[in-house]
Amino acid sequence: MGRLSGPDITRSKCRAHSRAICERFSTPTASTRRASALERNLELYLGGALLVVYGLVIGFAVIQRTATGEQALWAQESAIGMFVWVAWLSVAYVIRNEDHLRFTMVLSELSNTGRYLVYWIEWLCWIAFAGVVFVYSIPVFGGFLSRGGTITGTAVPDAVTYLAVTVGVGLVLFRVAEQVAWVTYAYYRGDDIRYASDEVVGE
């Protein structure tokens, strides 16, 4: 029996296959769909909140400098730190939602198996890159922490800024592992995982 995918099952096919199989592929369940909006958009929510604070800090600095000719020493360092956090959170977000750059002209022509192999190439590249960055970021973060420096004009450790690298890359690795699990599950279940615009496997 060939592989079946949810969109391909029609009423006529349901007559040829058991009701259990049809229901399994045509009706989304907790085991065949990915998690909630929080799981999908965690990095978006965190990054969005930081961008709001970032905007407030920049706005405050601009107003203060215009009104008094002076600028708070902590504003610039804080803004840079938040921008670094947003950047790394964004990387994890685009992996989770498959929004990163692709050569769609090639992907759209691949078979299901071909697309699965391309996924593995992507995963291995991400694991190699993010894994190296994660391993080397830990001692660097430890060095910042042991130095005891702070963001100018505050009591906040400047290690918080560098922590964005370790946490961000950790989230990248988590999202890659999550994608490996969902795409592999969908592939062996028989779903169509070929490239389609604005679609995420498991949703």
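This is a predicted model: local features need pLDDT of at least 70, side-chain atom pairs count only at pLDDT 80 or more; totals for chains, interfaces and linings use all residues.
A salt bridge here is a side-chain nitrogen of Lys or Arg within 4 Å of a carboxyl oxygen of Asp or Glu.

**The charged network**

- E39, E43, R96, R175 and E178 are joined in a network of salt bridges.
- R175 and E178 sit in helix α7, 3 residues apart, which is about one turn of the helix.
- E39 also pairs with R175, with 3.0 Å between the closest N and O atoms. Because E39 belongs to helix α3 and R175 to helix α7, this pair ties together parts that are 136 residues apart in sequence.
- E43 is another partner of R175, the closest N and O atoms being 2.8 Å apart. This pair too links distant parts of the chain, with R175 in helix α7 and E43 in helix α3, 132 residues apart.
- Buried means under 20% relative accessible area. R175 therefore counts as buried at 2%, and E43 is buried with a value of 2%.
- E39 counts as buried at 16% relative accessibility, and E178 does so at 13%.

**Nonpolar cores**

- The largest nonpolar core has 18 residues, and those with the most contacts inside it are Y116, W123, V172, V176, V183 and I193.
- Helices α4, α6 and α7 each supply at least two residues of this core, and α7 gives the most, with 9 residues.
- Another core, of 5 residues, lies apart from it and includes V57, A61, A72 and A75.
- Leaving aside residues up to four places away in sequence, W123 touches Y116, V176, Q179, V180, V183 and T184.

**Helix α4**

- Helix α4 covers residues 73-96, and its 24 residues should span 34 Å at 1.5 Å a residue; the end C-alpha atoms are 36 Å apart, which agrees.
- Among the buried residues of α4 are A75, M82, W85, W88, L89 and R96.
- The cover over the buried residues of α4 includes α3 (37-68), α6 (112-147) and α7 (159-189).
- E98 follows α4 and has a positive phi, near 55°.

**Surface patch**

- L38, L42, L44, Y45 and L46 make up a nonpolar patch on the surface, with about 460 Å² of accessible area together.
- L44 is part of helix α3 and, at 41% relative accessibility, counts as partly exposed.

Methods
Residues are numbered from 1 along each chain as its sequence is written. Side-chain values use heavy atoms; hydrogens and water are left out. Helices (H or I, at least four residues) and strands (E, at least two) are DSSP runs, numbered from the N terminus. The expected span of a helix is 1.5 Å times one less than its number of residues. Buried means under 20% relative accessible area, exposed over 50%, partly exposed in between (1.4 Å probe, protein chains only). Contact means heavy atoms within 4.5 Å. Patches are made of residues with over 30% relative accessible area and no salt bridge: like charges are joined within 9 Å, nonpolar side chains (Val, Leu, Ile, Met, Phe, Trp, Tyr) within 5 Å. Accessible areas come from the Shrake-Rupley method with a 1.4 Å probe; for residues, only the protein chains shown count as cover. A nonpolar core is a set of buried Ala, Val, Leu, Ile, Met, Phe, Trp, Tyr and Cys residues joined through side-chain atoms within 4.5 Å.
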